[in-house]
Amino acid sequence: MNHRTTRRRRLLTGGALALTAGLVLAGCGDSDKSGDGASAKKPDLSVGGAYIPVPAMDDMAGGFFTVTNKGAADKLVSASSPLAGSVTLHATVGSTMKERKSFTVPADGTLDFSRGGNHIMLEKLKHKPKQGDKVEVTLRFEKSKPITVSMPVKPATYNPADSANSTEHDPSNAKTHSTTDKHSSTDKHSSH
């Protein structure tokens, strides 16, 4: 082997090693920064704590719930109910209610719809629900399958924070609905 060939091989070998090291480092840089792989996950949503206070008006009612996400971020984009002509998404900013087109459901987090904050408005009600009734509401998401929740109608002054300190347990509020639940074809809550 002559001196030129040896030098050329060393350059090619060195270049190949540098390229390989660069690719390995680039691959490390593409990994999820949090270390938990959340960026590669799909959204894993469930809905709990749903309720509707007895409405003060005959034609509209507010609804509250919490969306829990154990996966990647998603968006709540709409809602509907057989009881209402329309269901809209609202945020409360200061003391003003503002309609919103969507709400982000954060990765590995929660989206709360609670008194004084985010909520849904069921409008053009077909009839005024009474305490003890259950109202079906279907929540639609950007990436996940819809979730249909049976929302119990609670007293007008109901506040889940107050009932959490109570010794009384309300089993109607204990069931959560998930995008990964398996429902039988006879389950009236299923619309997946």
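The side chains of Thr 88 and His 90 are joined by a polar contact of 2.7 Å; such a contact is a pair of N or O atoms within 3.5 Å, in which, within protein, one must be able to donate a hydrogen and the other to accept it, and residues adjacent in sequence count only if both atoms are side-chain atoms. The model is predicted, with local features requiring pLDDT of at least 70 and side-chain atom pairs pLDDT 80 or more, whereas totals for chains, interfaces and linings use all residues. Residues are numbered from 1 along each chain as its sequence is written, and side-chain values use heavy atoms, without hydrogens and water.

Thr 88 is part of strand S4 (residues 84–93); helices (H or I, at least four residues) and strands (E, at least two) are DSSP runs, numbered from the N terminus. With a relative accessibility of 11%, Thr 88 counts as buried, where buried means under 20% relative accessible area, exposed over 50% and partly exposed in between (1.4 Å probe, protein chains only). Apart from neighbours within four places in sequence, Thr 88 is in contact with Glu 99, His 119, Ile 120, Met 121 and Glu 123, contact being defined as heavy atoms within 4.5 Å.

Ile 120, in turn, touches residues including Phe 65, Thr 88, Phe 113 and Met 151, when residues up to four places away in sequence are not counted. In the largest nonpolar core, which has 29 residues, Phe 65, Ile 120 and Leu 122 touch the most other members. A nonpolar core is a set of buried Ala, Val, Leu, Ile, Met, Phe, Trp, Tyr and Cys residues joined through side-chain atoms within 4.5 Å.

Four aromatic pairs are present in the structure. Rings of Phe, Tyr and Trp (its six-membered ring) pair if their centres lie within 6.5 Å, and planes under 30 degrees apart count as stacked, over 60 as edge-to-face and the rest as tilted. Tyr 51 and Tyr 158 form an edge-to-face pair, at 4.8 Å centre to centre and with 80° between the planes. Because Tyr 51 lies in strand S1 (residues 45–53) and Tyr 158 in the loop between strand S10 (147–154) and helix H2 (160–164), this pair ties together parts that are 107 residues apart in sequence. Tyr 51 and Tyr 158 are both buried. The pair of Phe 65 and Phe 113 is stacked, because the ring centres are 4.5 Å apart and the planes lie at 15°. Phe 65 in strand S2 (residues 60–69) and Phe 113 in strand S7 (residues 110–113) are 48 residues apart, and their pair links distant parts of the chain. Phe 65 and Phe 113 are also both buried. One aromatic cluster is formed by Tyr 51, Phe 64 and Tyr 158.

Lys 154 lies over the face of Tyr 158, at 5.1 Å from the ring centre, and Arg 100 lies over the face of Phe 103, at 4.3 Å from the ring centre. A charge sits over a ring if NZ of Lys or CZ of Arg is within 6 Å of the ring centre and within 35 degrees of the ring normal.

Over the whole protein, the secondary structure comprises two helices and eleven strands. Buried residues account for 33% of the 192 residues. Among contacts with a separation of 6 or more, 69% are between residues 24 or more positions apart.
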